[in-house]
Structures are given as C-alpha cells and as structure tokens.
Amino acid sequence: MRYIRPLSIEDAVGELAKAVGPAAILAGGSDLLVRMKGGFVEPELIVDIKRIGGLGDVTETAEGFRIGAAVPCAVLGENKALKKAWPGVVEAANLIGSKQVQGRCTITGNLCNASPAADSVPALVAAGAKAVVAGPSGKRTIAVESVPTGPGRTSLAKGEIIEAILLDKRPAHAGDAYLRFIPRTEMDIAVVSAGVNLTLDDHGAIKTARVALGAAAPTVLLVEEAGQVLVGSKLDQATLDRLAKICSGACRPIDDKRGTIEFRRKVAGVLARRVAAIAYKRAGGK
Amino acid sequence: MNFDPRFSGRKFASVGTRPIRPDGVDKVTGRARYGADFNMAGQLVGRILRSPHAHAVIKSIDTSKAEKLAGVKAVITAKDLPDLTDGDAAMYDILDNCMARKKALYDGHAVAAVAAIDARIARQALKLIEVEYEVLPHVTDVDEAAHHHAPLINDQVFTEGLEEKPAKPSNVTKRTQFGHGDVHKGFAEADFVVERSFKTEQTHQGYIEPHACVASVNADGTADLWVCTQGHFVYRQHCAQLLGLEASKLRVTSSEIGGGFGGKTHVWAEPVALALSRKAGRPVKLVMTRDEVFRASGPTSATSIDVKIGARKDGTITAAEATLRYSCGPYAGSWAEIGAMTAFACYKLENVKTVGYEVLVNRPKTAAYRAPSAPMAAFAVESAVDELAHEIGMDAVDFRIKNAAQEGTRASYGPVYGPIGIGPTLEAVKHHPHMKAPLKENQGRGMACGFWFNFGGQTCTDLNIGMDGSVSLAVGTVDVGGSRASLSLVAAEELGIDYSHVKAIVADTSSLGYNDMTDGSRGTFSSSMATISAARNAIKILRERAAQTWDIPVEDVIWEKGHAIAKGEKYGNLSPLSLKEIAAASGKTGGPIAGHSELVADGAGVSFATHICDVEVDPETGSTRVIRYTVVQDAGKAVHPTYVEGQYQGGAAQGIGWALNEEYIYGKDGRLQNAGFLDYRIPVCSDLPMIDTQILEIPNPNHPYGVRGVGETSIVPPLAAIANAVSNAVGVRMTHIPMSPPRILAALDAEREG
C-alpha cells in the first residue's frame with residue numbers, strides 16, 4: 001500500500017489517474033478507515049487530500065459559500081455565517097456519527113461514499129448545492145444529486161476528485177432544515193430522512209421549494225413533485241398532508257435490518273411534513 | 001474450621017460506606033490491562049476461519065496453501081483438537097463449538113484457525129484455506145424449529161422428559177415441568193382469565209471488550225493463558241480437559257474485564273489459541289473482532305411463551321400456567337427450564353404449572369446473560385399480570401401485593417422461601433414519588449417485578465498481613481462490578497482497620513485454590529463470606545501473637561477495633577496492641593501472619609426487584625423514549641452502595657436496550673445481518689434517563705452481614721415494565737420484544753385499521 005499526501009489538486013488528480021490498482025481518496029477517513037479495518041477494501045494507493053491548498057477552507061464569496069473537500073463537519077458547525085444561511089445543511093452535517101467522528105468527517109466524503117442514508121446529502125440536494133470536480137481534463141461543476149448513482153457508486157470518472165461544495169447566497173425569507181429517523185438519539189444511521197429548502201415571497205407564501213429524501217431509494221431522492229406542491233402555499237394542513245402523501249409515494253425503499261418498506265414509506269411522509277414546518281419557520285413564515 | 005455464616009446483626013464501620021474503588025485510577029487513566037493488552041516475546045497473531053453457512057456438512061478442509069504462505073506458523077482444524085471428552089456430552093458440545101468437527105451449525109461457526117507473524121498474513125492465510133461444504137436446510141426461528149417438519153439439526157436428539165421415549169428425533173432436546181396444585185381446578189374458580197402468547201428476540205450481552213487471550217504452550221507440558229474471563233479456574237478446567245493438559249500445569253491469569261454479563265463464562269477462542277500455540281511452538285494472541293463476537297459468542301435465547309393466569313374478582317390468583325420455548329443454539333441447554341422455574345417465582349400460588357421446551361436452532365450456542373432466561377419469562381408473566389389487574393379493575397401494584405410470595409410461601413419451582421423482599425419492594429414502589437409523577441400526552445407508565453435465585457458455590461481466599469500492618473487480599477472471583485472494593489471493605493470491617501490499608505487482587509489459578517466463576521450474582525456474596533472467614537482466621541493468629549507477647553492465655557485476648565485487648569481487670573496494665581504493632585513484631589513472634597479460607601458458600605438469598613418505567617411514544621413513528629425509570633431492589637446488605645446502585649442501573653439499562661431495539665436479525669439465508677454495534681442497537685448514553693434506585697436491605701440469614709447477590713435481578717423486570725408502559729401509552733398490548741419503532745407502528749396501524 002502506498003500513501004501519498006500531494007500539495008496540489010493537479011498532483012492528486014495525476015496520481016489517481018495513473019494508479020494501476022485500487023486507489024482511495026482520504027480526507028477525514030471516517031468511512032475509508034472503517035472499510036479498510038473491516039477488510040472490505042484493500043487500496044494499493046491512498047491519496048490524502050488534506051494538505052492541498054484551499055481544501056481545508058470555508059470561503060464566503062459573492063455567489064455564496066465554497067466548502068473545501070477536506071473541511072471537517074465540526075468546522076461547519078462553528079461557522080456562524082454558514083449556519084445562519086444554511087442551518088439545515090449544517091445540522092445534517094452535525095448529525096453524522098459522534099462528536100469525535102464529526103471532527104474528521106467531511107460532507108464531500110459523505111457525498112462520495114454514496115450511501116443512500118448519508119445524512120448531509122438530502123440537505124445538500126434540497127439546498128441545490130453544487131460540486132466542483134477536478135479531473136484529468138480540467139474542472140467542471142455539477143449538481144450534487146448527480147454524484148451518487150447507487151449504493152457505494154458515483155458518477156466520478158477515474159482520476160476525478162471533488163474539491164469543493166458550493167452553496168448559493170441566500171435571499172431574504174429563506175430557510176432549510178433536515179430531519180432523520182433513528183431508533184436511538186445519536187450515533188446511528190438514518191432509517192429514513194428528509195431535507196427541505198424553501199424561499200418565501202413578501203407575503204409569506206412559498207416561492208420556491210426543494211424536497212429531498214434519504215434512505216428511501218438506492219440514491220438520495222430529489223422529489224420535485226413535493227417541492228411543487230409546496231409552492232404558493234403557506235403550509236396549511238392540507239398542503240402538509242399532500243406533501244406527506246407525495247413523499248411516501250415517491251419512496252422506493254427496501255426491507256432490511258434498519259427498517260421495513262412500510263415503515264420507511266410512512267415515516268418519510270411524517271418527516272417531510274415536520275421538516276417542512278421547521279424550514280418554513282426558519283424562512284420567517286407564520 | 002468453625003466458621004459460622006449466620007447473620008449476626010452487627011453494627012458496621014466500613015461496610016455500607018462508599019470509598020473509591022482500587023481499580024478506578026487505572027481504568028480512568030487507561031493503564032488497566034484488559035485481555036488484549038498482554039503481550040509475550042515472539043507472539044503470533046491468531047485468526048479463526050468461520051462458516052458462512054447456517055447449516056452445512058464440512059466435506060473437506062484443505063489447509064495446504066495456507067500452510068505454505070510465508071509467515072504462517074500453524075494452521076489447525078478440528079483434527080488438532082482431538083476428542084478427549086470421554087463421553088462427557090456437555091464438554092463435547094463445548095469442543096464442537098470451539099471448532100466444528102463434522103458440520104457447521106451456524107453462521108460464524110469456527111472451522112479452522114491460523115497463527116501467523118502478523119494480522120495481514122493471518123487474514124491472507126484464512127483466504128487460502130479451502131473448505132468444501134454441503135449446504136443443508138437450516139432453521140433459525142424457535143417456533144419453526146420446534147415444528148416437526150423443521151430441518152433436523154442433530155438426528156441423535158430425541159426429546160427427553162416425555163413420558164414415552166419418542167420414536168423420531170427432534171430439535172426439542174428436553175421437556176421440563178414445575179409447579180404444584182391443580183391448574184384446571186384453579187382456572188375453574190377464576191372470574192377473569194388472561195391468556196396470551198409472547199415472543200422475544202435474541203440479544204447479545206453486548207460487552208464492550210471482545211474476547212481476547214494470549215496462550216503459550218511449552219514443550220514440557222506446562223502452559224500459560226492470559227485471558228478476559230469471568231472465571232479463570234473454570235477456563236483452566238475446560239481448556240486443560242480439551243487440550244489434554246494437567247490442570248495444575250496450566251496457569252490462567254484473568255485480565256481486567258470490559259464486561260461479561262454471563263458471556264465470559266464459556267470458552268470459545270481459548271482452546272483454539274492454546275492449540276495454535278502448541279502447534280506453532282510460540283505464544284499466540286487471539287482477539288475476536290466485533291463481528292465474531294456477535295456471530296460466534298454470547299447470545300441469549302430467543303423465546304416464544306404462552307401464559308394463562310386466572311383470578312377471582314377480589315384479585316386472588318387462582319391458577320397460573322406457562323409454556324416456554326427457548327432457543328439453545330445448536331447444542332442442548334437448560335434455558336427453558338430456568339425460565340420455567342423463575343416465571344411465577346414472585347407469587348404465592350395454589351395452582352401453578354410451567355413447562356419448558358429446549359429448542360435447537362442454527363444460531364450461536366446460547367450463553368448465560370445476566371439472570372439467564374428470567375427476563376423473558378418475566379416479560380410474558382408480568383404483561384399478563386398487568387392485563388389481568390386491568391380487567392379486574394385493580395391497581396397493578398395492589399394486585400401484585402395481594403398475590404406476592406412471602407416468608408413460608410412454597411415457590412412455584414419447589415422450595416419454601418425464607419425472609420424475602422418481593423412484598424417490601426412492592427410496598428416501596430406503591431409509595432414512591434415516581435408513581436405520582438404527572439404523565440403528558442403519549443406518555444405511559446408501567447411496572448413489573450422480577451426474581452433471581454442467586455448462587456454461592458466454591459470459594460477460596462487468602463488474606464496476608466504485611467509487616468507494616470497493611471493487608472493484601474487475594475480472591476479467586478473475577479471482579480466484574482467493583483467486588484475488589486467491596487471485599488476490601490469487608491476485610492477492613494472484620495479486622496477493624498481502615499479500608500485504605502487493604503488491597504484486594506484477583507489471584508491467578510496457580511496462586512489460590514479453585515473458585516467457581518463470577519456468575520449467579522455470587523462474587524461479593526461468596527467471596528465476602530470467604531474473606532470474613534479468612535480474616536477471622538488471621539485474627540486468631542493475631543490474638544495468639546498478642547497473648548504470646550503478653551505471656552497470657554489466648555482465651556483472655558479479644559479482638560476489637562483493630563486491636564488485641566487483654567480482657568479482665570488483672571490485665572489493667574496491658575495497653576492494647578494494634579494490628580500494626582503485632583505485624584511489626586511478627587518476624588520475632590512466629591513469622592508471617594495470614595488467614596486462609598476455603599468454603600462452599602451455601603445459602604445465597606433469593607433476590608427480588610420491582611421496577612417503574614415511564615415512556616413517551618411518538619404515535620407517528622413508533623419511536624419510544626424512556627423518560628423516567630426507578631429500580632427498587634433488595635440487596636440484603638449493600639456492602640458498597642455505589643456499586644450496588646451501579647448494578648441496579650446497569651441491569652435496567654441493558655433491559656431497556658433489549659426491550660426497545662436490540663435483536664439478532666437473520667436473513668433468509670440464515671446469516672446474521674447486524675453483527676456490529678451500528679445495527680445491533682444497544683442504547684447510547686443520551687437514550688437513557690438517570691435511572692433512580694432504592695436499595696432495600698432485608699438481611700439474608702445465611703450470611704454474616706446479611707448480603708445477597710445483587711448483579712442479575714435488575715435485568716429481570718425491565719422488559720415487562722417497559723412493555724407495560726408502552727402498552728399503557730399507546731393503548732395496544734405489545735407482545736413482541738423488542739418493541740422497535742417498526743413493530744410499534746405496525747401494531748398501532750393494525751389497531752387503527754381494526
């Protein structure tokens with residue numbers, strides 16, 4: 001096994017592109033090391049990206065926020081501006097694992113691990129976040145929902161690295177939120193989850209809405225119909241009930257050790273309803 | 001020896017105080033040495049190859065490629081552990097469980113093992129071992145396994161305990177029955193009868209420390225084993241027998257223990273480590289992974305229990321009956337039998353009958369888990385008792401008080417009780433402020449009782465007095481819950497010195513006589529009895545030395561508050577001699593001063609507890625939070641109250657996990673789906689409220705200080721208490737443990753849909 005710690009994204013991309021055997025990118029390592037210890041992966045090359053300039057920074061730009069790929073989730077929780085603008089994304093990132101894990105894990109890693117139950121991903125999808133991908137043929141910016149293609153699989157090509165996640169600047173009257181269901185209170189993985197991101201017009205009616213579900217299908221789901229049903233409403237009971245029904249219907253879950261199909265469908269609707277109410281309140285809705 | 005174990009009603013100076021435990025600093029600073037913390041020069045890494053199949057004939061094992069891999073020093077299969085059990089069926093089962101001989105009987109059953117110079121090579125070597133399996137049909141569910149169409153796990157098993165020997169083999173190894181009176185007559189007298197069936201899923205003890213050992217077998221037939229265990233003397237016996245060693249030449253040292261709860265009373269990896277070391281000629285360290293711990297060690301039984309209880313309008317129970325089916329894993333056990341004994345032990349019953357069936361399944365060999373078998377039986381019985389009280393229209397506590405067993409009651413499992421604590425715990429609960437705490441919407445309250453036998457057993461201790469007057473106490477019961485602190489208190493009490501001058505250790509098997517393991521809540525009960533006895537023997541010598549110094553008859557010397565005192569006016573000019581003074585002079589008065597004791601600690605007092613629990617259930621998700629929890633239990637005498645409370649809280653915490661989320665989940669392929677702490681959901685700290693405790697002290701007449709075991713009873717009531725609370729909160733009787741959110745939501749939906 002070869003471990004390298006390049007100082008530039010170009011070097012990292014170059015090493016990954018020419019790797020012969022299985023290669024892995026190491027940021028926080030909270031997924032990779034567990035998989036290595038469990039004997040599930042035996043990479044021949046590990047590329048540690050933590051020393052690459054800029055990858056450890058959260059920057060506020062004219063367009064919004066740029067979160068470097070190596071920024072631990074705990075750092076997001078300490079960034080007041082980010083927390084104010086995107087409380088749903090930050091609360092999702094700060095639900096992953098334990099306090100200790102949050103000191104290492106990253107939202108980019110969470111996205112690239114491509115688990116349908118990843119906590120930060122539904123919140124990022126609802127937020128309309130984008131990923132900056134660096135690769136052998138240059139850089140491109142893509143929607144985060146296009147990264148995972150199935151459990152443990154991504155659309156990234158050989159040699160490609162996500163170097164940052166981009167979040168838009170917030171208009172007035174905007175709010176997002178994330179909720180997951182776990183049987184315990186912490187240190188667990190979502191049985192089902194929901195993220196909602198809303199903007200309101202000057203009268204408190206919902207202007208735009210994005211709804212995403214986690215652990216409800218092979219990848220995190222963006223439920224466009226659920227967003228549409230919210231637009232124009234002030235989140236009255238009938239709208240909430242329709243939202244819940246649409247979300248339950250959109251699920252394509254499985255029966256497994258963490259929950260049943262029936263349970264996931266029902267609770268997806270319940271969570272969507274509850275999380276929409278939180279996001280609405282955060283956006284200033286009454 | 002003339003040791004009198006009877007309760008004497010003395011006043012205590014040290015016992016009942018709460019000093020810091022002697023092992024505390026090492027544990028909080030990380031210096032304490034657990035199973036995997038021991039190392040020897042030249043030690044190899046051992047790893048075990050396990051069956052991926054729930055049930056399969058092992059047609060052949062080819063280890064040649066693994067043996068050729070550089071760095072591999074030994075590869076073993078069942079051939080390297082020849083059968084030396086000489087017709088002892090229970091030992092044969094242990095041997096077969098350590099290393100499958102003809103068939104793999106569960107997912108995770110050991111089939112081969114390697115010792116290599118490092119973990120990576122050991123893992124590679126496992127991949128090079130070729131096992132040819134013939135996969136057989138399997139059965140993992142207790143009810144399905146008991147059915148006559150089920151795949152047979154062992155075609156030599158014919159159900160014992162039936163009136164006629166059955167003609168066909170079965171997965172039911174044994175039927176047992178307990179009770180007295182006539183239940184048919186009793187049910188005929190009842191105005192109300194509740195009859196229900198219950199299920200509980202299989203749980204693991206969930207100790208944080210995995211099984212770990214270092215084994216070193218020498219060419220001269222001697223051997224050393226450093227191991228995390230609840231009973232190093234028992235491990236020595238079993239390992240010596242399985243390996244063909246002389247017991248006294250195998251020295252077993254117990255490490256600190258990161259939890260056992262009954263799961264470390266059985267050997268698994270240790271004989272394998274010894275066999276690897278014997279073959280490799282080098283020490284071998286073997287540490288189970290968490291996955292192995294779940295798949296191949298522990299768990300308790302899964303159960304299916306039918307209960308029927310009848311009562312008159314005035315609340316008198318007229319008859320009680322239960323049929324209990326307990327899974328044993330693939331080897332015979334007596335788990336249902338224990339369940340059948342404990343089921344109705346809390347009650348005074350004229351007509352009672354319990355029947356237990358031991359059922360083989362393709363799951364790991366069932367191991368003891370804290371009051372083994374009792375929590376499931378209590379869940380079924382206490383749920384039915386609650387429902388019956390409700391039907392009669394009586395308060396659940398009053399109904400239990402009316403029917404509680406008392407001194408002189410003939411227990412449902414046979415014996416007649418002495419002084420017992422079930423009535424007092426119920427009275428304490430009735431008046432506990434918890435019962436009056438307000439409940440909000442979606443919240444419910446439940447309570448339940450529990451019983452455990454407790455055990456005494458073979459025990460041996462040594463007490464040595466140093467020349468500076470400090471005392472070292474060597475005990476043979478592994479300290480699983482603070483017993484070194486408790487036993488130091490007992491030695492200090494008896495000698496009349498300060499706790500800080502006593503240092504207790506757990507001695508290895510070559511340094512002390514045989515001790516049964518720390519199980520049956522016996523550690524503090526039995527070793528305190530032996531410590532008292534050893535201290536009294538030392539006091540006899542201390543008095544003799546004082547008498548010698550003073551040149552007076554020993555009969556005239558008494559021992560009081562740490563001093564020898566010459567009794568009588570004629571000795572008015574003799575100042576008392578302190579233990580320290582006598583010890584300082586010991587070199588000139590006859591040499592070292594010590595007390596020894598070996599005894600069978602009979603008369604372990606039975607133990608009862610009553611728990612109260614409040615829960616809040618989210619009706620939309622089925623999520624349950626325990627919001628308030630109170631344990632009331634009889635300790636006989638709490639030697640170190642903090643550690644007694646710790647046992648109460650620990651049992652309740654484990655019971656809460658079992659009641660709400662913990663379960664073994666098997667796929668259709670017979671493979672365990674959740675062999676890890678991520679998906680085998682024991683409660684985390686934030687899942688639990690502060691568990692309140694109340695210690696009652698109803699002295700055990702068979703112990704000098706009145707001590708009863710306290711470790712196990714606390715896990716008996718929680719399943720039922722929580723089930724009663726949840727049922728109360730949601731208005732639907734929950735009959736399947738764990739009450740996980742999907743199960744609660746499904747029960748609520750079924751109720752809503754009628």
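**Helices, sheet and interface**

Reply: α14(B) and α15(B) are roughly parallel to each other, because angles under 35 degrees count as roughly parallel. This is a predicted model, where local features need pLDDT of at least 70, side-chain atom pairs count only at pLDDT 80 or more, and totals for chains, interfaces and linings use all residues. Residues are numbered from 1 along each chain as its sequence is written, and chains are lettered from A and ligands numbered from 1 in the order in which they are written.

Me: At roughly what angle do the axes of α14 and α15 of chain B cross?

Reply: Helices here are DSSP runs (H or I, at least four residues), and strands are runs of E, at least two, numbered from the N terminus. Axes are lines fitted to C-alpha atoms over the stretch in contact, with angles from 0 to 180 degrees between N-to-C directions. For α14 (residues 483-495) and α15 (residues 523-550) of chain B, the axes come within 9 Å and cross at roughly 30 degrees.

Me: Which residue of β13(A) is the bridge partner of A:L198?

Reply: Strands pair if DSSP finds at least two bridges between them. β12 (residues 192-200) and β13 (residues 206-214) of chain A pair in the antiparallel sense over 8 bridges. The partner of A:L198 in β13(A) is A:A209.

Me: Which helix of chain B gives the most to the side that touches chain A?

Reply: Contact is taken as C-beta atoms, placed from the backbone, within 7 Å. The contact draws 19 residues from chain B and 17 residues from chain A. With 3 residues, the helix giving the most on the chain B side is α20 (residues 741-752).

Terms used
Contact = placed C-beta atoms within 7 Å. Parallel < 35°, antiparallel > 145°, perpendicular 65-115°, else oblique.
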